[in-house]
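Trainee: Before I use this model, I would like to go through the labels attached to it. For each one, I want to know what it rests on.

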Amino acid sequence: MVKAYAQEHVYKHPWEIVTSASWRKFADPENKRTLSHILDVDTLNHKLDAESGKLYTTRAITIHAPGPWFVRKIVGQDICHCVESTVVDGQSRSMQLTTRNISLQKYIEVEERIRYNPHPDNPSGWTVCKQETSIRIKPLSALASMAEKVEQRCAERFLQNSVKGREVMERICKYLESESRGITF
């Protein structure tokens, strides 16, 4: 069984501001409380392709395990390691992030895709964010019914965290816009 959902959000900020905010989302100390499930973020590599002009980046993200407490007890750990792969194409003004868990894979598989593009109705002023997430619990056959409940709880947690992430992104966008106008907080 796979639990999947999709969300779309419009940032009323230019693509350049929103994508800059995306890079700063985990680094800003003010966001530690809001994004308390994020324990650590490390850039593993980044490469600018001279021919295409695309930026490729890979980051390691360590989070509190997103499942309920009893699942963490069964699994024996309460952290999960993920890899985020990002492709930024400045020419077409698109940024795509794909995040997958690399630990706990024998119990759960999570994949999140986020894409930022200029909004078609206001490409110079707004950015559309499309987020798709799939969660798959790998249960023992006897635990199949519980797996559905765990997937649902995980999906609810991911939805809550995505709301927090948007709040952080909005705050950083406003900061970046005021910074570019020479206004300080």
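Trainee: How do you know how many disulfides the structure holds?
Mentor: This is a predicted model, and the structure holds zero disulfides. A disulfide is a covalent bond between the sulfur atoms of two cysteines. The cut-off for calling one is a sulfur pair within 2.5 Å. For cysteine 80, the closest cysteine sulfur belongs to cysteine 82 and lies 4.1 Å away, so that pair is too far apart for a bond.

Trainee: What makes cysteine 80 buried or exposed?
Mentor: Buried means under 20% relative accessible area. Cysteine 80 has 4% relative accessibility, so cysteine 80 counts as buried.

Trainee: And which label does cysteine 129 get?
Mentor: Its relative accessible area is 8%, so cysteine 129 is buried.

Trainee: Why are strand 1 and strand 2 said to stand at the edges?
Mentor: The sheet is open and has seven strands, in the order 1-7-6-5-4-3-2, with antiparallel pairing. Strand 1 (2-11) and strand 2 (38-48) each have a single partner strand, so one side of each has no neighbour in the sheet. From one strand to the next, the twist averages 15 degrees.

Trainee: What makes strand 5 and strand 6 a pair?
Mentor: Two strands pair if there are at least two bridges between them. Strand 5 (residues 94-101) and strand 6 (residues 108-119) have six bridges in the antiparallel sense, so they pair. Within this pair, threonine 99 stands opposite glutamate 112 of strand 6.

Trainee: Which residues lie nearest the centre of the largest pocket?
Mentor: They are His37, Ile38, Glu112, Phe158 and Asn161, out of 39 lining residues. The space in this pocket is about 680 Å³.

Trainee: Which element gives the largest share of that lining?
Mentor: Helix 3 does, with seven residues. Other elements that supply at least two residues each include strand 3 (54-64), strand 4 (79-89) and strand 7 (122-137). By class, the lining has 18 nonpolar, 12 polar and nine charged residues.

Trainee: Why is the other space called a cavity and not a pocket?
Mentor: In a cavity a 1.4 Å probe fits but cannot get out, whereas a pocket is open. The structure holds one cavity of 30 Å³ or more. The largest cavity has about 40 Å³ of space.

Trainee: Which residues line the largest cavity?
Mentor: Lys25, Phe26, Asp28, Asn31, Lys32, Leu35 and Ile38 line it. They divide into three nonpolar, one polar and three charged residues.

Technical notes: Residues are numbered from 1 along each chain as its sequence is written. This is a predicted model: local features need pLDDT of at least 70, side-chain atom pairs count only at pLDDT 80 or more; totals for chains, interfaces and linings use all residues. Side-chain values use heavy atoms; hydrogens and water are left out. Helices (H or I, at least four residues) and strands (E, at least two) are DSSP runs, numbered from the N terminus. Axes are lines fitted to C-alpha atoms, for helices over the stretch in contact, and angles run from 0 to 180 degrees between N-to-C directions. Buried means under 20% relative accessible area, exposed over 50%, partly exposed in between (1.4 Å probe, protein chains only). On a 1 Å grid over the protein atoms alone, a cavity is a set of points where a 1.4 Å probe fits but cannot get out, and a pocket is an open set with protein on both sides within 12 Å along at least five of seven lines; lining residues have an atom within 4 Å of a point. Grid points are joined across faces, edges and corners, and a volume is the space filled by probe spheres set on the points. Ala, Val, Leu, Ile, Met, Phe, Trp, Tyr, Cys and Pro count as nonpolar, Asp, Glu, Lys and Arg as charged, and the others, Gly among them, as polar.
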